[in-house]
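Hi everyone, thanks for making time this morning. I'd like to walk you through a structure, so please have a look at the screen.

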Amino acid sequence: MFSVCADPSLLSGLDWFSCYLTTPKHLAFFGSFGLVMLLIAVVAPVALAIGFAAAVASRSASPLLSLPGRGYIALARGVPDIVFFLFVPIALDQGFEYLRYLVICPDQPDGVWQGNNFLVCSAAKLPLSTAAPIWHSIYGFGLAVISFGLVFGAFAGNVLAGSFEAVPIAQIQTGASFGMTQSHIFRRILVPQMWVFALPGLSNLWQILIKATPLLFLLGLQDIVYWARELGSSKTSIYAYPHPDWRLYYFGFLLIFYLGLTAISEVAYKRIMARLSRGQATLAGSGKIGLRGGV
Amino acid sequence: MNVCFDTIQAYGLRAIGIGERLLPKADITLCEQMVLIGSGLIWNVYFGVLSIGFGFWFAVCLSLGRLSQFAVLRLVSSGFVFLFRGSPLFIQFFFAYEAFVLLPKTGITIDLGLVVIDASTGWFTKAWAGALFVLFCNTAAYSSEIFSGALQSVPNGQIEAARASGMTRFQIFRRVMFPNMLRLAWPAYMNEAIFLFHSTTLVFFSGFPAWRQEGDALYYASYFAEKTFNPFVPYPIVAGYFILLTLVIIGVFTLTGGYLNRSVPQERRVKPRFRLLIWR
């Protein structure tokens, strides 16, 4: 990157480090922190939307809606999440390829199940083997977003369903006595009041989401865990920057990164909670008792 | 049926190294998947039971430390809890594994109080000890959050009554605060136990190698998914096993909770119910 870095073997001390930390691979490592942030930023609204839909569906009077909603929410409770993270991307990948197989090459000689192999014709592969590497990364990231969204959607649905229940019944009854319709009550009373009850659970979920991001590594993406293992492992003198096994320091850095992220979120949560509690029919909102004493 | 009996003999205890050495490679049957994944569950139960069993006592100490009148104790125990609750368990596993492998080589020894890690304690790089240690610290941190909350909500009147009847500080803790804390914390602690069991599935995916292919339930499931290219059989099997395991945990904790609440009138008991989930 810098002209001094042309011949690393001549460098020492601080120069060596500043050159070492700006190699293209290290820049990719720093970029992968952006990938983690991007994943959190994309998944959070997706999961919230899915969770909201599931929570509303689970409250529906029609069993056609409420049963799938409840089942979806309940499933995420009994099964380790990592099972979903391993299962959903493979299942989706095969599902997409199977659909493309039905459209593009349905008359493939041996079918898709050949012995113990799942094979579709190369025109139906997703992404195409001729596609640029960037498309493979985008496809992998998309699968990750969908599986994170599905898992965290179930968690969010669980939280939101609980907070719908927590809105005082008198508020709804008052709305009804004013002659509001069902959907009016839902939009004007239930939803605005629900958030303050949902926030502790959602903030917990946010922390969970942050701490679940290293699982991207299991999905085969080049995320921060991948790079930490890659860059930290000992490099012999055939490499430009030989060093012993430094994975400990790289993982230590990741540890500090996550601690910082969760600590910042904690502070932000307290601020939002104070703002949302204003004017609500809760102890914290009455203004008489501070947040800590009230909740 | 008979065939499956043979499979159970061959693979029933494969996860702890008893039985057939080679894992099934071709023509994998449903029975083989069920048996091998089930045998992997031994490790999940091992990690879960031991880390909760030992972590419980450490968690009680930590939560007392956080409420202590000595600033140093407060700082150390809250720092410990922040470290283990604020970072992903996945990264903790990686970090701990590297530390256990690397530090003895460089001549640095870690003094854990009971055991000193140096070159001679190589078994800390094995999953059965190293991962157990990480899980132990992790569950202690999460549980101490629950316990210190419960300690603060022990009714004041009971402590005053105990003091008035001349109990010593230790007696008050042993006879009044501890039982009340357990009773109040129990439903949340059940949740913690369930999620700890779930997170034992991370062990063999995070640095700690599976020695001689002796892994946990998810390790074998992903092995089968790789071999058969069919995720729709092994992963639902793991899911099924874990739902059963979760039901067993709920059963055990509900029974214990009833015992802890035995002196409390029916209507004031703390009901077990699902709380917010926790993730490491």
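Let me begin with chain B, whose secondary structure comes to 9 helices and 2 strands. Please keep in mind that this is a predicted model. If you trace chain B from the N terminus, the elements run α-α-α-α-β-β-α-α-α-α-α. Chain B has 280 residues, and 43% of them count as buried. What about contacts along the sequence? Taking the contacts in chain B between residues at least 6 apart in sequence, 73% join residues at least 24 apart.

Now to helix packing. Two packed helices are described by the angle between their axes and the distance between the axes. In chain B, please find helix H8, residues 217-228, and helix H9, residues 234-260; they pack at an angle of about 165°, with their axes 8 Å apart. An angle over 145 degrees counts as roughly antiparallel, and H8(B) and H9(B) are therefore roughly antiparallel to each other. Their crossing is right-handed.

Which residues of H8(B) and H9(B) meet? On the H8(B) side we have B:Ala217, B:Leu218, B:Ala221, B:Phe224 and B:Ala225, and on the H9(B) side B:Pro234, B:Tyr235, B:Ile237, B:Val238 and B:Tyr241. By class, the contact of H8(B) with H9(B) has 10 nonpolar residues, with no polar and no charged ones.

Let's move over to chain A for another pair. Helix H2 of chain A, residues 24-58, packs with helix H8 of chain A, residues 224-232, at an angle of about 160°, and the axes are 8 Å apart. That makes H2(A) roughly antiparallel to H8(A). Here the crossing of H2(A) and H8(A) is left-handed. From H2(A), the contact is made by A:Lys25, A:His26, A:Ala28, A:Phe29, A:Ser32, A:Phe33 and A:Val36, and from H8(A) by A:Ile224, A:Trp227 and A:Leu231. The class count for this contact is 7 nonpolar, 2 polar and 1 charged.

Finally, the two chains together. How many residues of chain A are in contact with chain B? There are 34, and they are in contact with 35 residues of chain B. On chain A, helix H3 (63-78), helix H4 (81-104), strand E2 (117-118), helix H7 (182-212) and helix H9 (247-277) each supply at least two residues of the side that touches chain B. The largest share of that side, 10 residues, comes from H9(A). By class, the side of chain A that touches chain B has 23 nonpolar, 7 polar and 4 charged residues.

Terms used. Residues numbered from 1 in each chain as written. Chains lettered and ligands numbered in written order. Predicted model: local features only at pLDDT ≥ 70, side-chain atom pairs only at ≥ 80, totals over all residues. Contact = placed C-beta atoms within 7 Å. Helix = DSSP H or I, 4+ residues; strand = E, 2+ residues; numbered from the N terminus. Nonpolar A, V, L, I, M, F, W, Y, C, P; charged D, E, K, R; others polar. Buried ≥ 20, exposed ≤ 12 C-beta atoms within 10 Å, placed from the backbone. Axes fitted to C-alpha atoms, helices over the stretch in contact; angles between N-to-C directions. Parallel < 35°, antiparallel > 145°, perpendicular 65-115°, else oblique. Left-handed = near helix turned anticlockwise from the far one by under 90°.
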